Amino acid sequence: MRGTPPDDRSSWRPKRPGLVYRLMMLVMAPLNLLLGLSCRAFVRLVSDAFERPLTRGERFRRAAHRAMCDVCRVHERRIGTLREVSLLLARSTDAAAATGLSKEARARLERTLEEADVE
Amino acid sequence: MEEHHDRGQLEARKAELLDHADMLFRYALTRTGDRQTAEDLVQDTLLTALSKISSFEGRSSMSTWLIGILRHKILDHIRWRSRHPGDLPNARDDDSSGGDDVWFSLSGAWRVDPNVGLEVLDETPERILERSELRIAILHCVDGLPPGLHRIYVLRELEEQEPQDVCEVTGVTRGSLAVLLHRARQSLRRCLQALWGTP
């Protein structure tokens, strides 16, 4: 929609996590699920923390999971960066951020303003 | 003579307003994801500004004043769209049970690596924004969110509205809002992975 559109990457398929993660989860995942410390629960807590203060129990679970899971630790950091980037991008209205009005739209706008009368 | 002078002043004001059109368009496009809607909002904004130009006292810059008007227009637009039942998001359909199954195993472990392809996010936000292809990709993925999620994401993450205000504008509950924002953030992440994760 703006500038050069990114390529269509519909053929992209996600990769499986690394072997270390898979081996660790083979052992830990059932226990994590039982204790509410799964990766799925962690990711949800990361998102919720942007919206509301987490309870003490939630903060503990988040910290415990963060300490043992490399994949989620990196994911949390990158989701935070992505959020900051979106915010900065939204605040930016400079010419580099996106394209401007098309010629036709600008011409329409000029005509509308020309015809508009002010009391 | 005086009338001629007033006419000249009015024309100068119109030209001044038009100078801000591209900036307003970019602002609106980032938030609506739709060129036609963004153009309409810019036109409405400039017409409103023209009708109130005498009340503009120059305490803030003209661009700040115009963005203030445009933000109201965008909120009104989102409020109106949210009353459209066709594309309202439904938190009950959310991934905590259904959609995430592709990404998580039954025990809640990742089935796929959520980080591959996103190495660029290890840089600082400022460095990332220096690269136009990354900016374009992010905007592309924000635009690609389903309409209901897009509105909620825009209000909360781009317009920086408080959660209760987002709920008021869109008519979703606080509980649903958290679920929907989680879904939007993960959708964005997956879209960027698809763009950046291909060699």
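Okay, one definition before anything else: a residue is called buried under 20% relative accessible area, exposed over 50%, and partly exposed in between. Keep that in your head, and keep in mind too that what we have here is a predicted model.

B:E130 has a relative accessibility of 58%, so B:E130 goes down as exposed. B:E130 has a salt-bridge partner, B:R127, and the N to O distance between their side chains is 4.0 Å. B:R127 comes out at 49%, so that one is partly exposed.

There's another pair along the chain. B:R131 and B:E133 form a salt bridge with 3.1 Å from N to O. B:R131 is partly exposed at 34%, and B:E133 is partly exposed as well, at 44%. Staying with charges for a second, there's also a network: A:E51, A:R83, B:R156, B:E157 and B:R185 are linked through salt bridges that share partners.

Now let me step back to chain B as a whole. What is its secondary structure made of? Nine helices and zero strands. Chain B has 199 residues, and 57% of them count as buried. Its accessible surface is about 9,200 Å², and carbon and sulfur atoms own 50% of that. And if you take the contacts in chain B between residues at least 6 apart in sequence, 67% of them join residues at least 24 apart.

So what's on the inside? As a general point, nonpolar side chains in soluble globular proteins tend to be buried together. Here, the largest nonpolar core has 66 residues. The ones with the most contacts inside that core are B:L17, B:L24, B:L46, B:W65, B:L66, B:L192 and B:W196. Helix α4 of chain B, residues 62–82, gives the largest share of this core, with nine residues.

There is a second, separate core too, with 16 residues, and A:A29, A:C39, B:A109 and B:V112 are among them.

Let me zoom in on B:L46. Which residues does B:L46 touch, once you leave aside neighbours within four places in sequence? From chain A you get A:L109 and A:L113, and from chain B you get B:L17, B:A21, B:L24 and B:L66.

Back to helix α4 for one more residue, B:I74, which is found there. Buried or exposed? B:I74 is buried, because its relative accessible area is 0%. Not counting residues up to four places away in sequence, B:I74 touches B:Y27, B:A28, B:R31 and B:L41. Take B:L41 from that list: B:I74 and B:L41 sit 33 residues apart in sequence, but C-alpha to C-alpha they are 7.2 Å apart in space.

Okay, on to where the two chains meet. The contact takes 81 residues from chain B and 65 residues from chain A. Between them they bury about 6,600 Å², with 61% of that coming from carbon and sulfur atoms. On the chain B side, B:R26, B:W110 and B:R185 lose the most area to chain A, and together they make up 10% of what that side buries. You'll remember B:R185 as a member of that salt-bridge network.

How many salt bridges are there between chain B and chain A? Seven. Over all chains the structure holds 21. B:D122 and A:R77 make a salt bridge at 2.9 Å, N to O.

Chain A has a pair of its own to show you. A:E58 and A:R52 form a salt bridge, with their closest N and O atoms 2.9 Å apart. A:E58 is at 13% relative accessibility, so A:E58 counts as buried, while A:R52 is partly exposed at 30%.

On chain A, the residues A:L19, A:L23, A:L26 and A:V27 form a nonpolar patch on the surface, with about 450 Å² of accessible area together. Look at A:L26 in helix α1, residues 19–35 of chain A: with a relative accessible area of 67%, A:L26 is exposed.

And then B:E160. That residue has a positive phi of about 55°, although it is not a glycine. Where does B:E160 lie? In the loop between α7 (147–158) and α8 (163–170) of chain B. B:E160 is partly exposed, because its relative accessible area is 37%.

That's my tour, thanks.

Key
Residues are numbered from 1 along each chain as its sequence is written. Chains are lettered from A and ligands numbered from 1 in the order in which they are written. This is a predicted model: local features need pLDDT of at least 70, side-chain atom pairs count only at pLDDT 80 or more; totals for chains, interfaces and linings use all residues. Side-chain values use heavy atoms; hydrogens and water are left out. A nonpolar core is a set of buried Ala, Val, Leu, Ile, Met, Phe, Trp, Tyr and Cys residues joined through side-chain atoms within 4.5 Å. Buried means under 20% relative accessible area, exposed over 50%, partly exposed in between (1.4 Å probe, protein chains only). Helices (H or I, at least four residues) and strands (E, at least two) are DSSP runs, numbered from the N terminus. Contact means heavy atoms within 4.5 Å. Patches are made of residues with over 30% relative accessible area and no salt bridge: like charges are joined within 9 Å, nonpolar side chains (Val, Leu, Ile, Met, Phe, Trp, Tyr) within 5 Å. Accessible areas come from the Shrake-Rupley method with a 1.4 Å probe; for residues, only the protein chains shown count as cover. Buried area is the accessible area (1.4 Å probe) that two parts lose on being put together, summed over both.
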